[in-house]
Each structure stands twice: as C-alpha cells, then as structure tokens.
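My notes follow in the order I took them.

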Amino acid sequence: MAIGAERRFEMGDLGALEIRGGYAEGSREYQEANAGFSYLFGKTQVDYSFSIPIGNLSEYGGSHRVGF
C-alpha cells in the first residue's frame, strides 16, 4: 500500500515548484517514507527525491534521486 500527496506552486515567469511526500508499506515489514520536489521552467524540469526505509530495513541509509 502506498499513499502520497503533491502540491504545485505557480511562480509566474519563474516557473512552478511542486512539493511531494509519501508513505508506503508492504510485506516483510517493509515501510518507507519519501519526500521530494520538482522545479519546472519552460520545457525543462528538475526533480529531486529522498526515500528512507523506516521499517525492517531502517539500519540502511536513505537514497537520493535527481532527474533532469
């Protein structure tokens, strides 16, 4: 099961900023929290997200993802 939310903020000529967060859980005590943002300008978009396990795998560090 996973749930998330996203909010978009228009910034006029500067583009738009989207902020998101989520939570997921599943079998074998899998639990993970996620947060991230996107910055859109013209036809270009930059994405960043951070995921961190909070269940059975909590001893492992989180992961960063960047997209362009």
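**Salt bridges**

I started with the charged side chains: the structure holds four salt bridges. I count a salt bridge when a side-chain nitrogen of Lys or Arg is within 4 Å of a carboxyl oxygen of Asp or Glu. I note that this is a predicted model, where local features need pLDDT of at least 70, side-chain atom pairs count only at pLDDT 80 or more, and totals for chains, interfaces and linings use all residues. Residues are numbered from 1 along each chain as its sequence is written, and side-chain values use heavy atoms, with hydrogens and water left out.

I looked up arginine 20 next. Its side chain meets that of glutamate 6 in a salt bridge of 2.9 Å, N to O. Arginine 20 sits in strand β2 and glutamate 6 in strand β1, so this pair ties together parts that are 14 residues apart in sequence. Strands here are DSSP runs (E, at least two residues), and helices are H or I runs of at least four, numbered from the N terminus.

I then checked exposure. My cut-offs are under 20% relative accessible area for buried, over 50% for exposed, and partly exposed in between (1.4 Å probe, protein chains only). Arginine 20 is partly exposed at 26%. Glutamate 6 is partly exposed too, at 49%.

I found glutamate 10 in a salt bridge with arginine 8, at 2.7 Å from N to O. Glutamate 10 is exposed, with 57% relative accessible area. Arginine 8 comes out as partly exposed, at 42%.

Glutamate 18 also forms a salt bridge with arginine 20, and their closest N and O atoms are 3.8 Å apart. Glutamate 18 is buried, with a relative accessible area of 11%. Through shared partners, salt bridges join Glu6, Arg8, Glu10, Glu18 and Arg20 into one network.

**Strands β1 and β2**

How many bridges join β1 to β2? I read off nine, and the two strands run antiparallel. Strands pair if DSSP finds at least two bridges between them. Strand β2 covers residues 16-25. One pairing I noted is alanine 2 with alanine 24 in β2.

The hairpin of β1 and β2 has five residues between the strands. In this hairpin, glycine 12 takes a positive phi near 60 degrees.

Is strand β1 largely buried or in the open? It spans residues 2-10, and of its nine residues the number buried is zero, so it lies largely in the open.

**Serine 38**

I went to serine 38, which is in strand β3 (residues 31-41). It is buried, with a relative accessible area of 0%. Its side chain makes a polar contact of 2.3 Å with that of aspartate 47. A polar contact is a pair of N or O atoms within 3.5 Å; within protein, one must be able to donate a hydrogen and the other to accept it, and residues adjacent in sequence count only if both atoms are side-chain atoms.

I listed the contacts of serine 38 (heavy atoms within 4.5 Å). Leaving aside neighbours within four places in sequence, they are Ala16, Leu17, Glu18, Arg20, Gln45, Val46 and Asp47.

**Valine 66 and strand β5**

Valine 66 lies in strand β5, residues 63-67. It counts as exposed, at 68% relative accessibility. Not counting residues up to four places away in sequence, valine 66 touches Asp47 and Tyr48. Tyrosine 48 has valine 66 as its bridge partner in β5.

I found five bridges joining strand β4 (residues 44-53) to β5, with the strands antiparallel. None of the five residues of β5 is buried, so this strand lies largely in the open. I also took one distance: the C-alpha atoms of valine 66 and threonine 44, 22 residues apart along the chain, are separated by 14 Å.

**Whole chain**

The protein has zero helices and five strands. Its radius of gyration is 14 Å, well over the 11 Å that the globule rule gives for 68 residues, so it is more spread out than a compact globule. That radius is taken over C-alpha atoms, and the rule is 2.2 Å times the number of residues to the power 0.38. The C-alpha atoms fill a box of roughly 45 × 20 × 15 Å along the principal axes. Of the 68 residues, 16% count as buried.
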